[in-house]
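Hi,

Here is the model I promised to pass on.

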Amino acid sequence: SVLLVQNDATGGTSGDGLELSLGGTHGYLWNSENDAISIGTNNVERLTVVAGGNVGIGTTSPYSKLTIWGNNTITGTALEVVNNASTTLLTVMNNGNVGIGIKNPNGAFEIATSTDHLIFSDADGNDKWIQYLAGNDMRFWDSQDRITFAEGGNVGIGTTSPYARLSVVGETVSSYFTATSTTATTTFSTGGLNIGSGQFVVQQT
């Protein structure tokens with residue numbers, strides 16, 4: 001079955017105009033002319049497929065394979081991807097904010113997920129993680145835990161249990177060290193402090 005719509009601008013042959021047809025059980029809406037197809041509701045164009053194949057939602061001039069225009073540039077949702085359980089998977093707001101697992105992202109990029117890992121993988125399958133733990137610790141992982149930001153603000157390098165503002169497990173190298181407190185004391189564990197010849201200076205003002 002074929003419904004063929006033509007006018008003075010299209011010509012009158014079988015290859016002209018707009019065709020609505022069935023091929024077996026496959027339905028076709030086919031514009032044989034070098035122009036767009038538009039679908040509208042409430043007297044407003046909603047979706048446009050231009051002659052080159054680009055698709056526009058909210059715009060009649062799509063400049064990519066899919067172009068979506070929101071209602072404005074401040075509030076509202078331009079794109080939302082939802083699964084069959086009505087759970088938001090991806091949101092792009094009109095102001096440019098992007099959310100994964102969240103409906104209304106408050107920043108440029110916000111993730112809300114029941115898993116605790118953000119994983120970066122290269123083409124060879126090598127993973128690097130940013131892990132957010134239930135206790136509000138954050139860890140950076142590369143084959144093992146490298147840096148930990150503890151809930152209270154302590155930072156650990158080579159340890160997941162930093163007991164001071166900065167806890168380092170392993171050798172450290174620095175060109176110099178400056179202590180600014182006039183009341184704090186420094187404690188070295190068993191093994192003491194080894195300072196090279198002529199490298200220790202005490203200055204009192």
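This is a predicted model: local features need pLDDT of at least 70, side-chain atom pairs count only at pLDDT 80 or more; totals for chains, interfaces and linings use all residues.

Asp145 is partly exposed, with a relative accessible area of 26%; by the cut-offs used here, buried means under 20%, exposed over 50% and partly exposed in between, with a 1.4 Å probe and protein chains only. Its salt-bridge partner is Arg139, with the closest N and O atoms 3.9 Å apart. Arg139 itself counts as buried, at 16% relative accessibility. A salt bridge here is a side-chain nitrogen of Lys or Arg within 4 Å of a carboxyl oxygen of Asp or Glu.

Residues are numbered from 1 along each chain as its sequence is written, and side-chain values use heavy atoms, with hydrogens and water left out.

Back to the charges: how many salt bridges does the structure hold? There are 3. One of them joins Asp142 to Lys128, with 3.3 Å between the closest N and O atoms. Asp142 sits in the loop between strand S14 (138–141) and strand S15 (145–149), and Lys128 in strand S13 (residues 127–132), so this pair ties together parts that are 14 residues apart in sequence. Strands in these notes are DSSP runs (E, at least two residues), numbered from the N terminus. Both partners are partly exposed: Asp142 at 29% relative accessibility and Lys128 at 44%.

Glu80 and Lys103 form another salt bridge, their closest N and O atoms being 3.0 Å apart. That pair links distant parts of the chain, 23 residues apart, with Glu80 in strand S8 and Lys103 in the loop between S10 and S11. Glu80 is partly exposed at 28% relative accessibility, and so is Lys103 at 45%.

Strands S8, S9, S10 and S11 form an open sheet of 4 strands in the order S8-S9-S10-S11, with mixed pairing; two strands pair if DSSP finds at least two bridges between them. Strand S8 (77–82) and strand S11 (109–111) are the edges, each pairing on one side only. From one strand to the next, the twist averages 10° (axes are lines fitted to C-alpha atoms, and angles run from 0 to 180 degrees between N-to-C directions). Inside the sheet, S9 (residues 88–93) and S10 (residues 98–100) run antiparallel and are joined by 3 bridges. Thr91 stands opposite Gly99 in S10.

Next, the rings. The structure holds 2 aromatic pairs, where rings of Phe, Tyr and Trp (its six-membered ring) pair if their centres lie within 6.5 Å, and planes under 30 degrees apart count as stacked, over 60 as edge-to-face and the rest as tilted. Tyr28 and Trp30 have ring centres 6.3 Å apart and planes at 65°, so they are edge-to-face. Tyr28 is partly exposed, at a relative accessible area of 32%. Phe140 and Phe149 are also edge-to-face, because their planes stand at 70°, with the centres 5.9 Å apart. Phe140 is partly exposed at 29%, as is Phe149 at 36%.

Val44 is partly exposed, with a relative accessible area of 39%. Its C-alpha atom is 9.4 Å from that of Gly58, which is 14 residues away along the chain.

Cheers
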